[in-house]
Amino acid sequence: MSFKQSKLETFFGKTTRSREDSEEPTQPSLSEAPLTSILTNTPSTSSSSVISLPFHHQEDPIKFIDRTLSENERKQILEHKWEPDNKFEYPVNDKGRRYNLKWEEKRPWLRYSPSNDSVFCACCIAFPVAVSETHPEFVTIGFRDWKNTTGDKRGALEKHSKSERHQLSQEKSEMFLMTVKGKSIPVTESISKAYQEKVQRNRACLMSIIDVVIRLGHRNIAFRGNWLKDEGKEDGNFQYFIDWKANFDDVLKLHLSTAQHKYLSPKVQNEFIHLCELEIRDAIRDRCGESEFFSVMVDETTDVAEKAQLSICVRYVRFVEVERTDAETLCDAVLHNLGQEWGFDLTKLRGQGYDGCATMTGAISGVQKRIQDVWPEAKYFVHCNSHRLNLVIVNTCNKVVEARNALTILGKITWFICGVSKRKAILMKEVKQGNKDLDFDLLYDNEDALFEAAMRQTMMPKLSETRWTSRVDTLSWLLAHYKSLLNVLENVQSNSKGQAAADASSYHAVLLKFDFILVTVMLQYTLGYIRPLSILLQSEACDLVKAHQEARDLLVIFQGIRSDSDARFHDIYERSASIATENDVVPTKPRSTQRQRHRANAPVESIEEHFRVNYFLPFIDHIISHLDSRFPEELKAIFYGNYLVPSLVGKIEDEVVTAMKQEYSIDLPYPNDFGQEVHRWVAKCHRDSLSLVTTLTGAISYADPELYPNIHLVLKLLLTLPVGSCSCERSFSALRRLKTWCRATMTEDRLCGLALLHVHRNDAVGQVKAESVLRRWDLSGNRKIHLAFTAD
């Protein structure tokens, strides 16, 4: 900053004429001139008597108003004031009030005028500022309403000290006195230093406010609260933490106590939250830009405000409110937000991951087909593996009527018990007093982990269709606490009336049927094998090869169970009989008839054989059939690259190499060398004994991009493709935590910003810096507060 002013007054204001060398005009005393000639332009509302007062005319603020002052005059009004002697008494007005000298202790800028019996502001007289405020008190007209001088509501002194006019004048006065007292410091340097200090204070207080915004967003804490009319402020978490932080942050405390614009309004909060979203989004976009490819995962849900929210995940989450949920609208929303609004390079888009609904996966007019029509490179569509595995269970249970009925009744029992606090208390008490050991033997390895977790739980897990592992967890808990649940139902039946007693009686009767016990044991046994795969498919570290291989391994396991069904089912039957005996239930089989339409009725002799043939075998056969159809051994052409994993290179044939070259020709850096590069890669896998490498992540670590550029790129492309849409499902959980009934009116921008802060709170991209947000905020509009980022 450079200044050309040669005199101090050219910076603070234009001086019409200098009074330093002129003769001081003679001021008439009170006894020589009428009082009205002294009180020019001042209201005469006081009825106090006029007397001759011992004071020096140079110290009366009346003589400095309504004219341009010289340097010496400014220095005089700022450094000197009239001080009465010990015998002086301030005049009393018609309301019995008078001036109090103690007011000057906390307000050194007050200047009492003995000729006017009023007070002025020395700073506003020395450096008057033209602002929107129109009240002339303390500046051109003396203030004398002693009744309203102090107080929380109508205190004039407090209002004036916080006014914009006074703060600007006081700042200039402080800089002026600093320059006058230190003559060796240039004026420009003093002003620049004071300005920099002001900028640093402004930055510090606003960064403290932004820091609170970031922390509340990370922890998903609501900002707003109830409005307290008596205190005139909001009783919300944001205001609470701001006040708490001000206790040990002196800069923020000063800002809150003196600033007219405190920057705490909901509008400013939304601006800060949106800028945090931009910081996180840009960081992830830059991270994706460093990669050669990226994939998109999309799913749709309805929030508590009954609004359709589209979750778009590109290694991160964004909620987009849509008016309709047809394929055309969803496709336009995805492409518009990814390309135009967020700045992603869609030429790098390769994979698409959705659930199995027709709107998303339709081969003719679904979202995946529409996106592929616009961007042909985005041809690798992945049906969520977690959804596929869940469909295996759902379709199998629907085909076996007994399994479907058992899960339906069990779901009703869980909600019947867990939906009422009194019944929950009875169940918890009964479980704590019940047997701590299992009454039956384990049937396979790792089953002990399921029952150990079930034994530790005092509350019955709710059966949920959207939480895919809840089925086996609920079934394991039921088998571990079968007796306790029966006792609870008996308690409710005997101590309740009406519908509650009737429901408890019917559920108790169902639990005492042997076929229900056997189906429960059978479901827990089979679903226990599927549970680890379900958890693996929801893992971020799982890739397509590992997911497919684990599903095929599970198919082999069930085929082995089917071939050895006599021994395997015998163990299931023995466990069922043990639980039945413990609860006084006699094993029986349903009545057989010549023609049975609604349940399996194969003619057999023994009870065990009846349940094996009519219940167990159909259930296992359906699981094998659905696993084989949804996870086929022969991969599609777009996934032929999976054969490049060292453990699968033995399946590579000339036809597979040709198909891979044709499928990935657009992205291959050296397509003509692909065939010989694959042969070299197969030889390397055999030579280095890499058969134990079964994942894409492990394979790419051995594929040197200099020696195997084509293979390295194919493996990187496959790693980019999504295994499932679990990221979207997790985003729905975050949405459910964010947009509750108490926050149902939250706008889209605020929701997306808070979602990014909350979801990425433990990620490097989510560690937003307050200074970066403040810089964006300063550059995004004309701000009243000086932050000086525009000059950086």
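Is Lys-95 buried or exposed, and at what relative accessibility? At 57% relative accessibility, Lys-95 counts as exposed, where exposed means over 50% relative accessible area, buried under 20% and partly exposed in between (1.4 Å probe, protein chains only). This is a predicted model, in which local features need pLDDT of at least 70 and side-chain atom pairs count only at pLDDT 80 or more, while totals for chains, interfaces and linings use all residues. Residues are numbered from 1 along each chain as its sequence is written, and side-chain values use heavy atoms, with hydrogens and water left out.

**View 1. A positive surface patch includes Lys-95.** The patch is formed by Lys-95, Arg-97, Lys-147, Lys-153, Arg-154 and Lys-159. Patches are made of residues with over 30% relative accessible area and no salt bridge; like charges are joined within 9 Å, and nonpolar side chains (Val, Leu, Ile, Met, Phe, Trp, Tyr) within 5 Å. Lys-95 is placed in the loop between helix H3 (71–79) and helix H4 (103–106). Helices (H or I, at least four residues) and strands (E, at least two) are DSSP runs, numbered from the N terminus.

**View 2. Tyr-240, Trp-244 and Phe-248 make a nonpolar surface patch.** The patch covers about 390 Å², with accessible areas taken from the Shrake-Rupley method with a 1.4 Å probe. Phe-248 lies in the loop between helix H9 (237–246) and helix H10 (250–258) and is exposed, with a relative accessible area of 52%.

**View 3. Strand S8 (residues 349–354) is largely enclosed by the rest of the structure, because six of its six residues are buried.** S8 pairs in the parallel sense with strand S5 (residues 294–302) over four bridges; two strands pair if DSSP finds at least two bridges between them. Gly-353 in S8 stands opposite Met-297. Four bridges also join S8 to strand S9 (residues 380–383), and these two strands run parallel. Here Gln-352 has Phe-381 in S9 as its bridge partner.

**View 4. Glu-171 forms a salt bridge with Lys-198.** The closest N and O atoms are 3.4 Å apart; a salt bridge is a side-chain nitrogen of Lys or Arg within 4 Å of a carboxyl oxygen of Asp or Glu. Glu-171 lies in helix H7 (residues 164–181) and Lys-198 in helix H8 (residues 187–218), so the pair ties together parts that are 27 residues apart in sequence. Glu-171 is partly exposed, at 23% relative accessible area, whereas Lys-198 is buried, at 16%.

Technical notes. Lys, Arg positive; Asp, Glu negative; His and termini not counted. Charge placed at Lys NZ, Arg CZ, Asp CG, Glu CD.
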